[in-house]
Amino acid sequence: MTQSPATPLPPPKERRRLREAGSLTQAQVAERVGVSRETVRSWETGRTNPRGRKREAYAKLLTSLGEDTPTEEQLPAEEAEAAVEDTAEIAGLAATVTEPQPTPPPPAPLTPAQAFDALYAFCAPALVRQAYLLTGRRELARESVERAFQVAWQRWPEVAVDRDPAGWVRSVAYEYALSPWHRFRPRYRHPEPPPPDTADRALLTALLKLPPSYRRTLLLYDGVGLGLAETAAETEASTPAAANRLLHAREALAAQLPDLSDPTELHRRMTELASTGRLHAAKPPTVRFAGERRTVFWTRAAIAFTVAIIGATTLTVRTAPTHYEPPVPLGQRVEGVPPRVVQGALSEEEVSLRDRLRSGMTSGPERLAPLGR
């Protein structure tokens with residue numbers, strides 16, 4: 001018995017083109033031929049070829065699709081030109097879509113005032129709470145943070161390019177808060193009311209008993225969460241010295257409050273203590289304006305002092321002698337000077353003789369006296 005030759009099939013790419021020209025999906029073709037969708041995909045990619053009845057059904061379906069889809073030669077000339085134009089237009093649209101779109105312009109850079117306000121809004125509330133743990137005074141904590149940001153606004157070109165602007169402001173605020181000169185100010189001579197909670201009051205008292213350097217190191221490491229190297233750099237100490245301060249501070253706190261021997265518990269308690277103070281920072285524009293007024297005041301004071309110095313110097317130059325005047329030498333004793341020829345004081349013998357002459361004028365011969373005519 002002689003087998004009939006297999007029905008020829010178009011190439012795999014042509015198979016896919018015919019299916020897409022007939023607006024059929026792979027699932028629809030698989031349903032008509034009676035195979036799975038994966039099989040139709042493998043037929044269109046050329047990995048496998050249909051056989052037997054499935055091949056006949058697939059070839060018949062592709063033939064019908066090819067008859068329904070006219071080729072470019074079967075179209076009239078005008079329709080062919082229109083098809084070419086449509087194809088070119090579609091290709092142009094596709095090229096337009098695939099072209100890289102222009103990137104949107106970058107956002108406008110922030111002004112110095114906007115950048116300062118953003119830094120203040122981000123750092124000020126936390127810094128006020130940290131300064132309260134350092135000093136135990138709410139008003140001093142707010143003043144320290146405001147003064148630090150005023151200095152930052154005066155030196156904003158330096159702060160803006162710093163690697164850590166928040167750390168720069170924090171360092172200035174800590175230095176001002178721990179200044180020993182506050183004890184001489186009348187407003188800070190008397191302590192503020194302690195926290196109402198007993199545990200918070202005990203923790204704050206224990207913190208304030210620590211030396212300032214130990215307190216600052218403990219706050220930076222266990223409160224803020226800085227590393228040991230960053231803590232040593234901010235406190236201007238070596239890493240071993242910072243570690244020694246931290247260990248001694250923890251031991252001192254654990255001796256008074258054994259519950260705080262765990263650093264995690266200490267961090268939690270310090271955060272709670274700082275949050276219960278109801279501390280609020282001033283608005284950024286207020287701080288900027290106060291810093292500008294302070295700058296204007298000190299600038300005017302420096303100008304006035306300079307003018308006073310210039311005036312005093314000018315007066316000194318105008319009233320100073322223009323040539324050298326040697327000083328008058330002291331008197332010296334001169335030898336060989338002849339005695340004085342004028343009559344000096346009478347001696348006792350001369351006085352006695354004078355008295356005798358005066359008393360004896362009436363006795364003796366008459367004296368000649370001139371007579372008038």
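This is a predicted model: local features need pLDDT of at least 70, side-chain atom pairs count only at pLDDT 80 or more; totals for chains, interfaces and linings use all residues.
Helix H10 covers residues 198-209 and has twelve residues. From its first C-alpha to its last, H10 reaches 17 Å, close to the 16 Å expected at 1.5 Å a residue. Five residues are named as buried in this helix: Asp200, Leu203, Leu204, Ala206 and Leu207. Viewed down the axis of H10, the buried residues fall within an arc of 160°, so they line one face of the helix. An α-helix has 3.6 residues a turn, so residues three or four places apart point the same way. On the face turned away from the buried side, H10 carries the exposed residues Thr198 and Lys209. The N-terminal end of H10 is capped by Asp197, which places a side-chain oxygen 3.1 Å from the backbone nitrogen of Ala199.

Glu146 belongs to helix H7, which spans residues 138-154. With a relative accessibility of 25%, Glu146 counts as partly exposed, because the buried class is limited to values under 20% and the exposed class to values over 50%. Leaving aside residues up to four places away in sequence, Glu146 touches Tyr120, Ala282 and Val287.

Across the whole structure, a search finds eight aromatic pairs. One of them joins Trp153 and Trp156 in a tilted arrangement, with 6.3 Å centre to centre and 45° between the planes. Both Trp153 and Trp156 are buried. Another aromatic pair, formed by Phe297 and Trp298, is edge-to-face, with 5.3 Å centre to centre and 75° between the planes. In contrast to the buried Trp153 and Trp156, Phe297 and Trp298 are both exposed.

Arg288 is placed over two aromatic rings. Arg288 lies over the face of Trp153, at 5.8 Å from the ring centre. The charged end of Arg288 also sits over the ring of Phe289, 5.6 Å from the centre of that ring.

Note on methods
Residues are numbered from 1 along each chain as its sequence is written. Side-chain values use heavy atoms; hydrogens and water are left out. Helices (H or I, at least four residues) and strands (E, at least two) are DSSP runs, numbered from the N terminus. Buried means under 20% relative accessible area, exposed over 50%, partly exposed in between (1.4 Å probe, protein chains only). Contact means heavy atoms within 4.5 Å. Rings of Phe, Tyr and Trp (its six-membered ring) pair if their centres lie within 6.5 Å; planes under 30 degrees apart count as stacked, over 60 as edge-to-face and the rest as tilted. A charge sits over a ring if NZ of Lys or CZ of Arg is within 6 Å of the ring centre and within 35 degrees of the ring normal. The expected span of a helix is 1.5 Å times one less than its number of residues. The arc is that of the directions from the helix axis to the C-beta atoms. A polar contact is a pair of N or O atoms within 3.5 Å; within protein, one must be able to donate a hydrogen and the other to accept it, and residues adjacent in sequence count only if both atoms are side-chain atoms.
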